[in-house]
Amino acid sequence: MTLHKRGKHNYGDSQADIRDEVLRYSHLNGYVAQHFADAICVCGSKTFRLTLDDNEGAATHICSECNIEHAIGDSENFLEDASLEECDCPCGSESFEITIGVSLYDDSEDVKWLYLGCRCSKCGLTAVYGDWKNEFIGYRDLLARV
């Protein structure tokens, strides 16, 4: 469970490495991620295709095994206005492990910022693919929707 720098990208060995990348990125952003959740489909799969719209703060993941599409967090509230774009890794793969991290308001359980971290299931590239302000009340409920 260690990130390895190759060129300008970080690479991880497991889904747990996504948390380290989200933490690194969130420190630079100024809203440090405090709580995390890993995406796991109802079928048990941990790999997904990803669509997102950073501007609207909306994303979905589509299971690589059963093709069920899931809105991430409170994204279902913003999908109507979103222009979702399919994400891919620089290696060409469209299959990711996904982990969400959230930053909270001080002395609160309410979400301030959401980070969408991914690890390519083919080459291991690990990065934050999206982040946005998120005004969700109760981080546990939001993370349960991953």
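## Secondary structure and overall form

The protein chain contains two helices and ten strands; helices (H or I, at least four residues) and strands (E, at least two) are DSSP runs, numbered from the N terminus. Their order from the N terminus is β-β-α-β-β-β-β-β-β-β-β-α. The radius of gyration is 14 Å, close to the 15 Å that the globule rule gives for 146 residues, so the chain is as compact as a globular protein of that length. The radius is taken over C-alpha atoms, and the rule is 2.2 Å times the number of residues to the power 0.38. Along its principal axes, the C-alpha trace spans about 40 × 30 × 25 Å.

This is a predicted model, in which local features need pLDDT of at least 70 and side-chain atom pairs count only at pLDDT 80 or more, while totals for chains, interfaces and linings use all residues. Residues are numbered from 1 along each chain as its sequence is written, and side-chain values use heavy atoms, with hydrogens and water left out.

## Burial, surface and contacts

Of the 146 residues in the protein chain, 49% are buried. Buried means under 20% relative accessible area, exposed over 50%, and partly exposed in between (1.4 Å probe, protein chains only). The chain exposes about 7400 Å², and carbon and sulfur atoms supply 45% of that area; accessible areas come from the Shrake-Rupley method with a 1.4 Å probe, and for residues only the protein chains shown count as cover.

Among contacts with a separation of 6 or more, 54% join residues 24 or more positions apart. Contact here means heavy atoms within 4.5 Å.

## Helix 1

Helix 1 has 14 residues and reaches 21 Å from its first C-alpha to its last, close to the 20 Å expected at 1.5 Å a residue. The expected span is 1.5 Å times one less than the number of residues. Gly30 follows the helix and has a positive phi, near 95°.

The buried residues of helix 1 are Asp17, Ile18, Glu21, Val22 and Ser26. Their cover includes strand 2 (9-11), strand 3 (35-38), strand 8 (96-104), strand 9 and strand 10.

## Aromatic pairs and a charge over a ring

The structure holds three aromatic pairs. Rings of Phe, Tyr and Trp (its six-membered ring) pair if their centres lie within 6.5 Å; planes under 30 degrees apart count as stacked, over 60 as edge-to-face and the rest as tilted. One of the pairs is formed by Tyr25 and Tyr115, whose ring centres are 5.9 Å apart with planes at 80°, so the pair is edge-to-face. Tyr25 lies in helix 1 (residues 16-29) and Tyr115 in strand 9 (residues 111-120), so the pair ties together parts that are 90 residues apart in sequence. Tyr25 is partly exposed at 27% relative accessibility, whereas Tyr115 is buried at 0%.

The charged end of Arg6 sits over the ring of Tyr11, 3.7 Å from its centre. A charge sits over a ring if NZ of Lys or CZ of Arg is within 6 Å of the ring centre and within 35 degrees of the ring normal.

His4 lies in strand 1 (residues 4-6) and is partly exposed, with a relative accessible area of 37%. Not counting residues up to four places away in sequence, His4 touches His9, Asn10, Tyr11 and Asp13.

Ala127 belongs to strand 10 (residues 125-133) and is buried, at 18% relative accessible area. Leaving aside neighbours within four places in sequence, Ala127 is in contact with Glu21, Leu116, Gly117 and Cys118.

## Loop residues

Asn67 and Ile68 are both placed in the loop between strand 5 (58-63) and strand 6 (69-71). Asn67 is a residue other than glycine with a positive phi, near 65°, and counts as exposed at 51% relative accessibility. Ile68 is partly exposed, at 37%. Beyond neighbours within four places in sequence, Ile68 is in contact with Val42, His61, Ile62 and Cys63.

Asp107 lies in the loop between strand 8 and strand 9. Its phi is also positive in a residue other than glycine, near 55°, and Asp107 is exposed with a relative accessible area of 86%.
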